[in-house]
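Subject: Structure handover

Hello,

Here is the structure I promised to pass on. Please open it first, then read my notes beside it.

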Amino acid sequence: MDGMRLVLAAACALLAGCYSTTSLLGDTSTDTTVETGVDTAFDFVPETLVDPGVEPEPPPPCPPPYPPPGGPAPYWEIDDWTTPPDGSLSLFCTVTEVAAGDDNSFTIFLTCYRPSGEFTDHSLYVRSEAPFWLYLSRGEEVVLDYAADHVWWVNRWFALRNARGGIIVAGVDAQRIGPDGMDPDDWYEPLGVQVVSGGWCPAEPTMCGPLERRGVQVEWGIITAEFVDRTYGTMGFMDSVQVHVGETHGYLEMECDDMPDEWVSALFVVAPEG
């Protein structure tokens, strides 16, 4: 693995001193590492340097969900849509209110301008079983991007961007990391995001074939980190990004025709410098 590449199973959200009283992402002006609550970094030693008389260390254990019992379980919805519409939209909006819930959730109320010339109100609800903070204020101008397509299931993505086009918060719940026909790096700008298989855990037999836990790799500035499914963590240099990964897996052999071969669920929350 590259020197800057880390494998994560948890975050530092609960570590004393990681965050301020008003921000769960803290001051990262001099921190160029990924903060974790459980040390699960994989330290590989080249075979040529291993003393044949010393027993090699066993591989790290399969990371459990963090926080238990099911991990961060990121969730989001727009306008209480029970069945999200197909297609995509991109709206210029103004934040009218940000309401924090008592269950690690935020509801963002928006007034948006449609190309037809009319104004419409929308709401964006985001939640995780792990704590996070949204850096938004009333009157801020933003862009709301949304995309979805229906198969036997529903693939959906959203991104709330600042006036410069950078991500404030984005989410995916789909069989692929980005909308069809779009480069994920463009959708998640300035983050580089992709699904990875790190071989952290053995495949589990299911009725549709062997199922493998997977993770999300994020590039943020000069840092690259991997987050196993159902874990979360914070990474950053000057700015910070908190990554919440939900159910993310892939079938090594698919024996069903009414389910996706892969699935990724994640939430990305960016905190500006300062």
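Let's start with a strand pair. Strand β8 (residues 167-174) pairs with β16 in the antiparallel sense, over six bridges. Strands here are DSSP runs of E with at least two residues, helices are runs of H or I with at least four, and both are numbered from the N terminus. Two strands count as paired if DSSP finds at least two bridges between them.

Before going on, note that this is a predicted model: local features need pLDDT of at least 70, side-chain atom pairs count only at pLDDT 80 or more, and totals for chains, interfaces and linings use all residues. Residues are numbered from 1 along each chain as its sequence is written, and side-chain values use heavy atoms, with hydrogens and water left out.

**Strand β16 and its partners**

Back to β16. Ala170 has Phe268 of β16 as its bridge partner. Strand β14 (residues 239-245) also pairs with β16, again antiparallel and over six bridges. There, Val245 stands opposite Ala266 in β16. Strand β15 (residues 249-251) pairs with β16 too, antiparallel, over two bridges. His249 has Trp263 of β16 as its bridge partner.

Buried means under 20% relative accessible area, exposed means over 50%, and partly exposed lies in between (1.4 Å probe, protein chains only).

**The whole chain**

Now step back. The protein chain has one helix and 16 strands. It has 274 residues, and 48% of them count as buried. Its accessible surface comes to about 14000 Å². Carbon and sulfur atoms hold 53% of that surface. Areas come from the Shrake-Rupley method with a 1.4 Å probe; for residues, only the protein chains shown count as cover.

Contacts come next. Contact means heavy atoms within 4.5 Å. Take the contacts with a separation of 6 or more: 59% of them are between residues 24 or more positions apart.

**A buried phenylalanine**

Phe158 lies in strand β7 (residues 154-162). Phe158 is buried, with a relative accessible area of 0%. What does Phe158 touch, leaving aside neighbours within four places in sequence? Its contacts include Trp76, Ile78, Leu124, Tyr146, Trp187 and Leu267. Val169 and Ala170 are also among them. Phe158 and Val169 are 11 residues apart in sequence, and their C-alpha atoms are 8.5 Å apart in space.

**Three disulfides**

How many disulfides does a search of the whole structure find? The search finds three. A disulfide is a pair of cysteine sulfur atoms within 2.5 Å.

- Cys62 is joined to Cys201, S to S 2.0 Å. The link is right-handed, with 95° about the S-S bond. Cys62 sits in the loop between β1 (5-8) and β2 (75-78), and Cys201 in the loop between β9 (192-196) and β10 (211-213), so the pair ties together parts 139 residues apart in sequence. Cys62 is partly exposed at 36% relative accessible area, whereas Cys201 is buried at 7%.
- Cys93 and Cys112 have their sulfur atoms 2.1 Å apart. The torsion about their S-S bond is about 100°, so this disulfide is right-handed. Cys93 is in strand β3 and Cys112 in strand β4 (residues 105-113), 19 residues apart. Both cysteines are buried.
- Cys208 is joined to Cys256, S to S 1.9 Å. The torsion is about -90°, so this disulfide is left-handed. Cys208 is in the loop between β9 and β10, Cys256 in the loop between β15 and β16, and they are 48 residues apart. Cys208 is buried, at 2% relative accessibility.

Number the bonded cysteines in sequence order and the pairing reads 1-4, 2-3, 5-6.

**A patch on the surface**

Last, look at the outside. Phe92, Tyr113 and Phe119 form a nonpolar patch on the surface. Together they have about 380 Å² of accessible area. Phe92 is found in strand β3 (residues 87-100). Phe92 counts as exposed, at 59% relative accessibility.

Patch residues have over 30% relative accessible area and no salt bridge; like charges are joined within 9 Å, and nonpolar side chains (Val, Leu, Ile, Met, Phe, Trp, Tyr) within 5 Å. A salt bridge is a side-chain nitrogen of Lys or Arg within 4 Å of a carboxyl oxygen of Asp or Glu.

Best wishes
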